[in-house]
Amino acid sequence: VRDAFQERRDRLVNGLNRLAPLRCVLPSGAFYAWCNVQGLGLSSETMARQWLDEALVATVPGEGFGAPGFIRFSFATTLEVIDETLTRLATWLTSTHAARVKGT
């Protein structure tokens, strides 16, 4: 079980770190990872709501944990769900967010 969670953790964290400007530190003992979303220019509450509404990705904003600017991702799921999450976020970042930044 530990090996399975380590593989899920690594897949999620490495995948998030490939999605600029997201930044994620490798967690050492939990089944969730904290991702820094400050580079997107919006609060983590706004990002969590937009990702749920627009990309169908459920996350938890950090404000409730005293970590504004961060979003919590759970990796207590399958590798397929993690891969789909990363694909949806990549699509959102390259289309929806990019269009907003450009003002279109």
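Helix α1 covers residues 2–17 and has 16 residues. From first C-alpha to last, α1 reaches 22 Å, close to the 22 Å expected at 1.5 Å a residue (the expected span is 1.5 Å times one less than the number of residues). The model is predicted: local features need pLDDT of at least 70, side-chain atom pairs count only at pLDDT 80 or more, and totals for chains, interfaces and linings use all residues. Residues are numbered from 1 along each chain as its sequence is written, and side-chain values use heavy atoms, with hydrogens and water left out.

**Helix α1**
- Buried residues (under 20% relative accessible area, 1.4 Å probe, protein chains only) in α1 are Arg8, Arg9, Leu12, Val13, Gly15 and Leu16.
- Seen down the axis, these buried residues fall within an arc of 165° (taken from the directions from the helix axis to the C-beta atoms), so they line one face of α1.

**Strands**
- Strand β2 (residues 32–36) runs antiparallel to β4, joined by five bridges (pairing requires at least two DSSP bridges), and Ala33 stands opposite Phe73.
- β3 also pairs with β4 in the antiparallel sense, over two bridges, with Val60 opposite Arg72.

**Thr59**
- Thr59 lies in the loop between α2 (44–55) and β3 (60–61).
- Thr59 counts as buried because its relative accessibility is 15%.
- Beyond its neighbours within four places in sequence, Thr59 is in contact (heavy atoms within 4.5 Å) with Ala48, Trp51, Ile71, Arg72 and Phe73.

Conventions
Helix = DSSP H or I, 4+ residues; strand = E, 2+ residues; numbered from the N terminus. Buried < 20%, exposed > 50% of the residue type's maximum accessible area, 1.4 Å probe, protein only.
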